[in-house]
Amino acid sequence: MDLTHGIKSQQHKLMLTNIGKTSKNICLQIWQKNTCNSKGDFNDNKASPVNLRNTDDNCKEFHQLRPNRRTDHAPLLGRVATVEIKSHSLRISYPRVGKEDLTVPSADIPQGWGKFLHVAYCEFKVPASHTMQGKKFVAEMNCYIIQKAGRGLGVFTILFEIGSFNKLLDQAICAFQTVWQTGKNACSRGGRRDLEEEVDVVDNDDGDNDFRARKFENTNTSMFRDLQENSKCGGGWNPFEFMYQTKSWHFYGYKGTLMEPPCSQIVEHRVFDTPAEMSIGQLEDMKKILFTHQDPRTCQYTSVHNKFESVARPLQPSQRSRIHRCTCRDFISDEQRRKEGRKSCRAGTEKQWMPNPTDLVPARGEQWDL
């Protein structure tokens, strides 16, 4: 028996084990920071999120995003959706279903896929990950739609700015608050220590997310609004309604990545060019729910937000990104097509058709083919 070979084999196995442990630790560190090693893994110019601006004067689509109007939208706290508070987002997940199912939201994404595809999950982040022509937004919702033929993910994104109270958003906040309260109750009863009782607010921030969560709770003294006064968690919830709130059918599109590990390059992003609105109170509620959620099993705070109160992945380099801008010159809404008997608008008439008739052509020096 070759003992040398046996020893080498054991050393090899040990080396692989150590490599596996090291890789796991590295992945965990990256996950906790909610970043990906873009420069080490792939081309920076294909990473997400980015600052949206028109760099490719060639819209790839020929019709609006088309929600399936036959869907029987279920309540968020019912049997269909799963409401979760993740480390980096507030998420609403849907089960994988057959193509004819009408209980899960679906839509025809203008990507040439030519059929209704179901939503896998929608998630809210504060503040928004994307910017638009340098402008920042207080939050964004990303809904991921799976292409079952292995052709990637379609993601439609709604940006939010401060404005009027949003009843549809409040339904989601109410559901997330229910999950938040479950963790709070579990960590406040049965002799289990409530972490926020040991708040010791100082001006030192050493990167400890538990410290930041406790500090946020301590300084944000106002309690949750009584959501039941304005809306109920129950009732059907349709994520595509946010699109109608923007009153826009047009968007920026680009090939990008997932915005959390593993940051795979499989995403077709479609970001609507006009934001929806939310109230200041709703924004504060979303921050509290996300930043101060406690895992009911460990009572540890789960958020990866930084000292700037953000869970967004940093903007990625995009100097050479192909970001196309679809306008009414490419298509108008399906309803407008039926009424007007035309498929698009004429150049120079954009203000009559679009709530945000800006950035219509690539700015000087921004063109992709320079």
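How do the residues of the lining of the second largest pocket divide into nonpolar, polar and charged? The legends below begin with this view.

View 1. The lining divides into three nonpolar, four polar and six charged residues (Ala, Val, Leu, Ile, Met, Phe, Trp, Tyr, Cys and Pro count as nonpolar, Asp, Glu, Lys and Arg as charged, the others, Gly among them, as polar). Of its 13 lining residues, Lys99, Glu100, Phe116, Leu117 and His118 are the closest to the centre. A pocket is an open set of points on a 1 Å grid over the protein atoms alone, where a 1.4 Å probe fits, with protein on both sides within 12 Å along at least five of seven lines; lining residues have an atom within 4 Å of a point.

View 2. Strands (E, at least two residues) and helices (H or I, at least four) are DSSP runs, numbered from the N terminus. Lys125 is buried, at 0% relative accessible area (buried means under 20%, with a 1.4 Å probe and protein chains only). Beyond four places in sequence, Lys125 touches residues including His88, Glu140, Met259 and Val311 (contact: heavy atoms within 4.5 Å).

**View 3. The largest nonpolar core.** Phe124, Met141 and Trp237 have the most contacts inside this core of 50 residues; helix 3 (residues 167–186) gives the largest share, seven residues. Such a core is a set of buried Ala, Val, Leu, Ile, Met, Phe, Trp, Tyr and Cys residues joined through side-chain atoms within 4.5 Å.

**Notes.** Residues are numbered from 1 along each chain as its sequence is written, and side-chain values use heavy atoms, without hydrogens and water. In this predicted model, local features need pLDDT of at least 70 and side-chain atom pairs count only at pLDDT 80 or more, whereas totals for chains, interfaces and linings use all residues.
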